Amino acid sequence: AGLAKAAYFAKLDGQPVDLSRRLEQDAKLEVVTTKSPEALEVARHDAAHVMASVVQKLYPGTQVTIGPAIEDGFYYDFARDTPFTPEDLEKIEKATNEAIAQDLPFVRDEISMDAAVGLFEGMGEKYKVEIVRDIAAKGAKTLTLYKHGDWVDFCLGPHGPSTGKIGVVKLLSVAGAYWRGDAKNAMLQRIYGTAFFDRKALEAHLTKLEEVKKRDHRKLGPALGLFAFHEWAPGAAFWLPRGTTLYNVLEDAMRRLV
């Protein structure tokens with residue numbers, strides 16, 4: 001019973017699969033629990049799906065693109081003319097955690113590439129259609145879908161059993177991102193967030209982020225009178241007298257060591 005409660009996904013012969021996948025042949029089975037960093041990574045991808053579904057409900061007409069898990073969190077890119085505001089992020093975060101609490105199951109399905117194109121064309125998701133066609137061009141015959149409630153997305157998976165297993169989500173920031181990283185393409189809005197299985201772990205992570213901000217050289221340097229930045233050249237540090245002295249001392253010390 002304890003293992004069943006803690007289980008998040010499984011591995012069959014080393015390949016990650018949903019807990020709902022049928023065992024159709026002899027295989028080495030590994031159950032990955034919420035104590036594993038791998039489970040947290042999957043949960044963060046689950047959170048990205050839930051957040052995207054919430055955004056589309058709150059802001060009709062928004063198109064979705066991609067939403068992977070990343071180090072310490074996740075993001076999802078959205079195509080929307082109106083920029084998201086800090087107030088929007090608070091609203092989305094609250095609705096996302098409410099959606100998680102509904103404990104909706106993640107349901108896996110597999111469809112043909114033609115059916116997938118038709119599905120996302122019918123939904124008006126032009127970015128999804130572009131990705132599906134690219135995948136089909138590489139020789140794929142089927143596409144894996146994951147649905148929770150009435151919202152659907154495609155990805156390789158696996159996903160957790162249900163939204164309720166994700167834990168708690170915190171949205172951190174919003175930034176611009178070009179579609180497929182190409183400046184010639186449309187500018188999208190990327191919402192960054194993170195998720196943890198319990199609030200205590202989330203609070204510890206947020207405290208860590210605040211400590212990192214305090215030690216950011218971009219903040220410490222100007223505060224200590226070492227260097228300054230100018231809006232015309234935000235990537236260049238302009239050394240001040242005190243900073244120049246320190247720089248020369250350190251450079252001389254390094255030269256002596258060599």
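## Ground rules and the open sheet

Two strands count as paired if DSSP finds at least two bridges between them. Strands themselves are DSSP runs of E with at least two residues, while helices are runs of H or I with at least four residues, and both are numbered from the N terminus. The model is predicted, so to speak of local features pLDDT must be at least 70, side-chain atom pairs count only at pLDDT 80 or more, and totals for chains, interfaces and linings use all residues. Residues are numbered from 1 along each chain as its sequence is written, and side-chain values use heavy atoms, with hydrogens and water left out.

The open sheet has three strands, ordered β2-β1-β3, with antiparallel pairing. Because β2 (15-17) and β3 (29-33) each have a single partner strand, they stand at the edges, and one side of each is left without a neighbour in the sheet. Direction ignored, neighbouring strands here are turned by 35° against each other on average; axes are lines fitted to C-alpha atoms, for helices over the stretch in contact, and angles run from 0 to 180 degrees between N-to-C directions.

## Helix α2 across the sheet

Helix α2 (residues 37-58) lies across β1 and β3 and runs at about 110° to β1. At its start, a side-chain oxygen of Ser 36 comes to within 3.1 Å of the backbone nitrogen of Glu 38. This is a polar contact, meaning a pair of N or O atoms within 3.5 Å; within protein, one must be able to donate a hydrogen and the other to accept it, and residues adjacent in sequence count only if both atoms are side-chain atoms.

From first C-alpha to last, the 22 residues of α2 reach 31 Å, close to the 32 Å expected at 1.5 Å a residue; the expected span is 1.5 Å times one less than the number of residues. Since 17 of these 22 residues are buried, α2 is largely enclosed by the rest of the structure. Buried means under 20% relative accessible area, exposed over 50%, and partly exposed in between, with a 1.4 Å probe and protein chains only.

## Two nonpolar cores

A nonpolar core is a set of buried Ala, Val, Leu, Ile, Met, Phe, Trp, Tyr and Cys residues joined through side-chain atoms within 4.5 Å. The largest one holds 31 residues, of which Met 51, Phe 78, Ile 92, Ile 166 and Ile 191 touch the most other members. At least two residues each come from β1, α2, β6 (73-79), α3 (86-101), β10 (168-178) and β11 (187-196), and α2 gives the largest share, 10 residues.

Not counting residues up to four places away in sequence, Met 51 touches Phe 74, Tyr 76, Phe 78, Ile 92, Thr 96, Leu 171 and Ile 191, where contact means heavy atoms within 4.5 Å. There is also a second, separate core of 16 residues, including Ile 111, Phe 120, Tyr 127 and Val 129.

## Helix α3 and Ala 99

The end C-alpha atoms of α3 are 23 Å apart, which agrees with the 22 Å that its 16 residues should span at 1.5 Å a residue. Its buried residues pack against α2, β10 and β11; among them are Leu 89, Ile 92 and Thr 96.

What does Ala 99 contact, leaving aside its neighbours within four places in sequence? Its partners are Val 50, Val 54 and Thr 163. Ala 99 is in α3 and is buried, with a relative accessible area of 15%. After the helix comes Asp 103, with a positive phi near 55°.

Strands β8 (residues 142-148) and β9 run antiparallel and are joined by four bridges, with Leu 145 partnered by Phe 154 in β9. They form a hairpin with two residues between them, and Gly 149 in the turn has a positive phi of about 65°. Both faces of β9 are covered: Trp 151 and Asp 153 are buried on one side, Val 152 and Phe 154 on the other.

Ser 162 sits in the loop between β9 (151-154) and β10 and counts as buried at 10% relative accessibility. Beyond its neighbours within four places in sequence, Ser 162 is in contact with Asp 103, Leu 104, Pro 105 and Phe 106. Thr 62, in the loop between α2 and β4 (63-64), is also buried, with a relative accessible area of 5%. A polar atom of the Thr 62 side chain lies 2.8 Å from the backbone oxygen of Tyr 59.
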